[in-house]
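Reader: I am new to reading protein models, and I would like to learn how to follow one residue and its surroundings. Could we go through it slowly, please?

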Amino acid sequence: MSGRENRLRELLGPTVEALGFELWGVELLAQGRHSVLRVYIERPEGISVDDCAAVSEQVSAVLDVEDPINGEYTLEVSSPGLDRRLFALAQYGRYLGETIDLRLRMPFEGRRKFRGLLKGVEGEDVVVQVDDHEYLLPFDTIDKARVELPADIGGNGREAR
């Protein structure tokens, strides 16, 4: 996550939490002159469209006052979904035994993409089993990570490699 996204997370977290939700993650995507700010919210009983609207209204007010984004942008608030992106190291522990897709910022042992079984978290490292090899991937080198949907609910059904 970029420094800008971390700053937005720190800015928006208290507002989202005050509304009874967990701030799952923040993505700021630059698309030319117009950016998209995606705010992902979560809670155990799930997220409704009304929840997204309520959070959007409050987050928008904070963004209007603080003005942390230069130029025009669109605010999108949603659930992280079933094939959720992982933003924080603590989130990995919730998905032990699941298949995840990881992309690193720089190559590790000659590769940037890993798809395998999430075995654990050791300190600041994420442990992923690919075939018969376990990799300890430093969290701060992970660019993006996503939990793969199980085959029985729409995933691709591939075995962990």
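Reader: Leaving aside its neighbours within four places in sequence, which residues is Glu5 in contact with?

Author: Contact means heavy atoms within 4.5 Å, and by that rule Glu5 touches Val26, Glu27 and Leu28. This is a predicted model, in which local features need pLDDT of at least 70 and side-chain atom pairs count only at pLDDT 80 or more, while totals for chains, interfaces and linings use all residues. Residues are numbered from 1 along each chain as its sequence is written, and side-chain values use heavy atoms, with hydrogens and water left out.

Reader: Where is Glu5 placed, and is Glu5 buried or exposed?

Author: Helices are DSSP runs of H or I with at least four residues, and strands are runs of E with at least two, numbered from the N terminus; Glu5 belongs to helix H1, residues 3-18. Buried means under 20% relative accessible area, exposed over 50%, and partly exposed in between, with a 1.4 Å probe and protein chains only; Glu5 is buried.

Reader: Which polar atom of Leu28 lies 2.8 Å from the side chain of Glu5?

Author: The backbone nitrogen of Leu28 lies at that distance from a polar atom of the Glu5 side chain.

Reader: What does Val16 touch, leaving aside its neighbours within four places in sequence?

Author: Val16, also found in helix H1, is in contact with residues including Phe21, Leu23 and Val59. Val16 counts as buried because its relative accessible area is 0%.

Conventions: Lys and Arg count as positive and Asp and Glu as negative; His and the chain ends are not counted. A salt bridge is a side-chain nitrogen of Lys or Arg within 4 Å of a carboxyl oxygen of Asp or Glu. A polar contact is a pair of N or O atoms within 3.5 Å; within protein, one must be able to donate a hydrogen and the other to accept it, and residues adjacent in sequence count only if both atoms are side-chain atoms.
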